[in-house]
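Please read them with the coordinates open.

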Amino acid sequence: MGSMRSMRSVWHALSGWIRGRPPRDRGFLVPRRARLGPPKIAVASVGHRFGTGRRQVVALHDVNIAVHPGEFVCLLGPSGCGKSTLLYALAGHLAPSGGHITIDGVEVHGPGPDRLLLFQDHALFPWLSVRQNLEFPLRARGRSRADAAARARAYIGLVHLDGFEQALPHQLSGGMRMRVQLARALAMDPAVLLMDEPFAALDAQTRSHMHQLLQTIWLRDRKTVVFVTHDVREALVLGDRVVVMAARPGRVLQDLDVNLPRPRDPDDAPLVELSRRIRGALREAEGVGADAEARARSGPDGRARKDPSDERAAEGADLPPRAAGGLGAPR
Ligand SMILES: Nc1ncnc2c1ncn2[C@@H]1O[C@H](COP(=O)(O)OP(=O)(O)OP(=O)(O)O)[C@@H](O)[C@H]1O
Ligand SMILES: [Mg+2]
């Protein structure tokens with residue numbers, strides 16, 4: 001009963017900052033509107049647990065997300081809310097314990113050339129030059145030498161690294177290495193780009209350059225992108241949609257369209273104001289998650305549960321994620 005009340009209070013907080021926003025930013029952040037046509041990516045009732053018994057962690061609980069072609073979706077949430085778990089499931093590196101993930105209507109059963117995962121660690125071949133780092137995977141995918149060379153040249157130019165074609169990764173700065181990684185990913189022309197906090201290790205200024213660059217490239221190519229971050233402003237700068245997640249259990253709180261004009265700057269006043277409110281709502285959701293976790297670990301009388309692997313309690317079944325205003329419901 002208490003959890004019903006606390007979950008409702010999170011919903012009020014979330015809907016409150018949407019409803020109660022001042023007139024000047026009305027419409028910048030709205031509940032996601034329905035899209036026409038079939039989704040590129042469909043996540044349906046996905047749940048995932050790590051471990052068993054008392055050590056069980058519910059990394060994802062009843063996650064429903066539909067991503068349409070050409071959308072830039074940011075998965076935003078605090079540490080441990082299951083962002084990476086969901087991204088790895090999309091990439092096919094992890095099979096979720098429940099639910100279904102489809103790409104173009106086909107169930108994901110493993111990695112595929114249609115999806116490319118980009119990490120914070122640059123993962124470049126250290127013994128290959130910038131140009132060779134781009135050409136190697138293109139050749140491995142069967143492109144001709146001339147085609148691979150032309151694509152490498154074009155994408156090196158796109159990320160402003162002309163003149164560094166012969167440099168080895170260790171001769172580049174962190175930001176330049178990330179640009180090589182981005183160029184390599186884009187040159188492969190994947191239908192879906194999956195990015196897990198790729199800019200987290202960069203200094204603020206380099207990060208900001210990467211944001212501008214990624215916006216420009218996305219506006220040009222309109223790839224379908226799922227971008228994981230716990231940085232609210234980064235999500236608002238990059239995403240045309242932000243899926244707000246919370247932890248314990250990892251779940252979707254809100255699915256929002258970002259209608260701020262591009263190119264966006266993290267210091268734009270409406271963006272700063274919106275990020276402040278999202279942070280506030282996330283802080284409240286974290287408190288509710290911690291309460292729910294404590295209750296899931298103890299019985300209704302407050303004593304430890306006799307059967308710690310009790311599925312409903314472990315999944316936070318006393319949380320009403322759907323009841324609370326359709327949070328996490330597919331639209
Ligand atoms: N291999 C694993 N074994 C056990 N538990 C795991 C494993 N991977 C993740 N978890 C747990 O699952 C939950 C979700 O983890 P995940 O890495 O998806 O979170 P995240 O949102 O990406 O967090 P961060 O922002 O810190 O990267 C966490 O509680 C984490 O401890
Ligand atoms: Mg992560």
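1. Asp62 is found in strand 3, strands being DSSP runs of E with at least two residues and helices runs of H or I with at least four, both numbered from the N terminus. The phi angle of Asp62 is near 50 degrees, a positive value in a residue other than glycine. Asp62 counts as buried because it has 23 C-beta neighbours inside 10 Å, the term requiring 20 or more other C-beta atoms within 10 Å of the residue's own, with C-beta atoms placed from the backbone.

2. This is a predicted model, in which local features need pLDDT of at least 70 and side-chain atom pairs count only at pLDDT 80 or more, while totals for chains, interfaces and linings use all residues. Residues are numbered from 1 along each chain as its sequence is written, and chains are lettered from A and ligands numbered from 1 in the order in which they are written.

3. Arg248, in the loop between strand 10 and strand 11, also has a positive phi, near 55 degrees, and counts as buried with 25 C-beta neighbours inside 10 Å. A cis peptide bond with omega of about -5 degrees joins Arg248 to Pro249.

4. A cis peptide bond also leads from Arg262 to Pro263, with omega near -5 degrees, and Pro263 lies in the loop between strand 11 and helix 8 (269-297).

5. Which element gives the largest share of the shell around ligand 1? Helix 2 does, with three residues.

Notes:
Buried ≥ 20, exposed ≤ 12 C-beta atoms within 10 Å, placed from the backbone.
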